[in-house]
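Work through the exercises below with the sequence and the structure in view. Try each task before reading its solution.

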Amino acid sequence: MTVDSTAARKPRRGGSKRAGAKTAAAAGAPELVQLLTPEGERVEHPDYSIDLTAEELRGLYRDMVLTRRFDAEATTLQRQGELGLWASLLGQEAAQIGSGRATRPDDYVFPTYREHGVAWCRGVDPTNLLGMFRGVNNGGWDPNENNFHLYTIVIGSQALHATGYAMGITKDGADSAVIAYFGDGASSQGDVAEAFTFAAVYNAPVVFFCQNNQWAISEPTEKQTRVPLYQRAQGYGFPGVRVDGNDVLACLAVTKAALDRARTGQGPMLIEAFTYRMGAHTTSDDPTRYRRDEERELWEAKDPIARLRAYLEREGHADEAFFAALETESDELAKHVRDRVRTMPDPDDMAIFDNIYADGHALVDEERAQFAAYQASFAEESH
């Protein structure tokens, strides 16, 4: 269901088969945009549609499979002591790949710390994501090379950054758009509320993409909000929509429409991708302490990769040779990630004093000298 504000109401297109709507409506739950059912059956939606070639469909499947394999490898590396921490995206591949593939090269992306699939879509080397989690850098890529901002650990602050950037785009007269990612937990942050206010008032070309994975660490969504998250947009004066976050086709179609809308001066939009965090919040978390196995099993039946594979096989868009080749490519990616992580050079110990002041500072110089002397003392003791 699309909730439109009176300031930006979108007319419905008639004549389309409204498949998949009856399930949510019958249960009394908010309807969500769905184009591919959990069983892998293609359905239509009156407001959103997508027409992809077999090659494009295989491309989306490849993106999700390789992203999941990279994510699994990173989790394993953390368990082996190669990374200090890792935030897994397991179960959220469709939300990230669908929305990521909807962006244009000139759009700008502001992620949290879990958007590994979006980074893949933007052309960021996946191994560059791991440097920060290994502790060898503060973010291993130049944001302006791929229009993909550095990961943001502070919860919700990137929504403000994205809104400010979008306001700047308007002043520059560009026709690009901005997309800001955050989770259901971040939707409770004041920074997100302020971003919504500024984006609405200034009609900023920004899409707010909320991945509602049901849990803000150990806090369930029902303890964070009295209404579905997408309906919050109505109070700020712009439209909101809930999409099946495990349906890569729906995520692609809805995000593309929202970005096109932003580029044409129609202002912000909130997308709530209704999905599920299959793993832990991070590798320091134990989800068995606060949620049931039955809940996870329910969502396993809605797996985003399995449903797209079922559709590809049913329609004859992919054969066993394709899946076998992709498995080989997946193994090669995993090996590449392992090798790169284990050979990452340690940072220069003195680099922490660089780039603090543009013209230098006497106190920093003094601290640098003290630290250098401290480091040198270890070498002296070894002799």
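A contact means heavy atoms within 4.5 Å. The model used here is predicted.

**Exercise 1.** Find what share of the contacts with a separation of 6 or more joins residues 24 or more positions apart in the protein chain.

Solution. Keep the contacts in the protein chain with a separation of 6 or more; residues 24 or more positions apart account for 75% of them.

**Exercise 2.** Compare the radius of gyration of the protein chain with that of a compact globule.

Solution. Step 1: for 383 residues, a compact globule would have a radius of gyration near 21 Å. Step 2: the protein chain has 22 Å, which agrees. Step 3: for the extent along the principal axes, the C-alpha trace spans about 80 × 50 × 40 Å. Buried residues make up 50% of the 383 residues.

**Exercise 3.** Describe the lining of the largest cavity.

Solution. Step 1: the count is one cavity of 30 Å³ or more. Step 2: the volume of the largest cavity is about 40 Å³. Step 3: its lining consists of Phe182, Ser187, Phe196, Cys210, Leu229, Arg232 and Leu270. Step 4: sorted by type, these lining residues are five nonpolar, one polar and one charged.

Key: Residues numbered from 1 in each chain as written. Predicted model: local features only at pLDDT ≥ 70, side-chain atom pairs only at ≥ 80, totals over all residues. Heavy atoms only, no water. 1 Å grid on protein atoms, 1.4 Å probe; cavity = no way out; pocket = protein on both sides within 12 Å on 5 of 7 lines; lining within 4 Å. Points joined across faces, edges and corners; volume = space filled by probe spheres on them. Nonpolar A, V, L, I, M, F, W, Y, C, P; charged D, E, K, R; others polar. Rg over C-alpha atoms; globule rule 2.2 N^0.38 Å. Buried < 20%, exposed > 50% of the residue type's maximum accessible area, 1.4 Å probe, protein only.
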